[in-house]
Amino acid sequence: MKESRIMEILINSGGIELLPQIKHLWEELRSYHAGIAGEFSSVFLKASWDSRRSEFEQKAANGKLKVDVAYIEGEAIGYGVSSISDKGIGELDSLCVNEQHRGRGIGQELLRRAIDWMDTEGAAAITLNVVQGNDRALTLYHKFGFRPLKHTLMIPPTSASKGTVPFDARNTK
């Protein structure tokens, strides 16, 4: 007879005090984004944990911030960071589940918790951003009712730094 063990997933909710526990996951997410971002990979590779942590801390100081961390056997394997601005706009700032634990509903649970918290706190709207090419995340967000509002376009850093704009674009009126 084979013994089966179902690993229990625990989720801890808090604030900025939980940020040190998600650093390795954020760095994994940054690498994933760089890998799918094509000509924009340098945008993600230039990002640092210290800078991102400071952004989270600033959001906490200016409004409200919630951090949910999912654990299996004491190891952080996923997280969600959400915030509400002083204007009442909720944002899912970052969501990540370790690659080997994806497809088990952990991301869905973290997202549900973030949305529930923002609703309970009275957020006027709930927003998020998705990296171009992150189709799996986009599918998840669509299941929860998120829809596109706008597209952000950017000249790739390699072109912008050299000042090169396509000839056709310069002559358009």
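A residue counts as buried here when its relative accessible area is under 20%, and as exposed when that area is over 50%. Keep this cut-off at hand for the stops below, and remember that the model is predicted.

**Whole chain**

Start with the protein chain in cartoon view. It has seven helices and five strands, and along the sequence these follow the pattern β-α-α-α-β-β-β-α-β-α-α-α. Of its 173 residues, 34% count as buried. Switch to a surface: the chain exposes about 11300 Å², with carbon and sulfur atoms supplying 51% of that area. Among contacts between residues at least 6 apart in sequence, 66% join residues at least 24 apart.

**Aromatic pairs**

Next, show the aromatic side chains. How many aromatic pairs are there? With ring centres required to lie within 6.5 Å, the count is two.

Select Trp26 and Trp49. Their ring centres are 5.7 Å apart and their planes meet at 55°, so this pair is tilted. Trp26 belongs to helix α1 (residues 23–36) and Trp49 to helix α3 (residues 49–62), so the pair ties together parts that are 23 residues apart in sequence. Both Trp26 and Trp49 are buried.

Now select Tyr141 and Phe146, an edge-to-face pair with 6.1 Å from centre to centre and 70° between the planes. Is Phe146 buried or exposed? Its relative accessibility is 15%, so Phe146 counts as buried. Tyr141 is also buried, with a relative accessible area of 8%.

One further ring deserves a look. Select Tyr32 and Arg102: the charged end of Arg102 sits over the ring of Tyr32, 5.4 Å from the ring centre.

In soluble globular proteins, nonpolar side chains tend to be buried together. The largest nonpolar core in this model has 20 residues, and those with the most contacts inside it are Leu92, Leu95, Leu111 and Tyr141. Colour β2 (64–72), β3 (75–84), β4, α4 (106–120) and α5, each of which supplies at least two residues of this core. Which of these elements gives the most to the core? Helix α4 does, with seven residues.

Centre the view on Leu92. Setting aside neighbours within four places in sequence, Leu92 is in contact with Val81, Ser82, Leu111, Ala114, Met118, Thr127, Leu128 and Tyr141. A second, separate core has 16 residues, including Ile22, Tyr79, Val81 and Cys96.

**Asp93**

Asp93 is buried, with a relative accessible area of 11%. Where does its side chain make a polar contact? The partner is the side chain of Lys59, at 2.4 Å. Not counting residues up to four places away in sequence, Asp93 touches Arg52, Phe56, Lys59, Val81, Ser82 and Ser83.

**Gln132**

Finish with Gln132, in the loop between β5 (125–128) and α5 (135–143). At 71% relative accessibility, Gln132 counts as exposed.

Note on methods:
Residues are numbered from 1 along each chain as its sequence is written. This is a predicted model: local features need pLDDT of at least 70, side-chain atom pairs count only at pLDDT 80 or more; totals for chains, interfaces and linings use all residues. Side-chain values use heavy atoms; hydrogens and water are left out. Rings of Phe, Tyr and Trp (its six-membered ring) pair if their centres lie within 6.5 Å; planes under 30 degrees apart count as stacked, over 60 as edge-to-face and the rest as tilted. Helices (H or I, at least four residues) and strands (E, at least two) are DSSP runs, numbered from the N terminus. Buried means under 20% relative accessible area, exposed over 50%, partly exposed in between (1.4 Å probe, protein chains only). A charge sits over a ring if NZ of Lys or CZ of Arg is within 6 Å of the ring centre and within 35 degrees of the ring normal. Contact means heavy atoms within 4.5 Å. Accessible areas come from the Shrake-Rupley method with a 1.4 Å probe; for residues, only the protein chains shown count as cover. A polar contact is a pair of N or O atoms within 3.5 Å; within protein, one must be able to donate a hydrogen and the other to accept it, and residues adjacent in sequence count only if both atoms are side-chain atoms. A nonpolar core is a set of buried Ala, Val, Leu, Ile, Met, Phe, Trp, Tyr and Cys residues joined through side-chain atoms within 4.5 Å.
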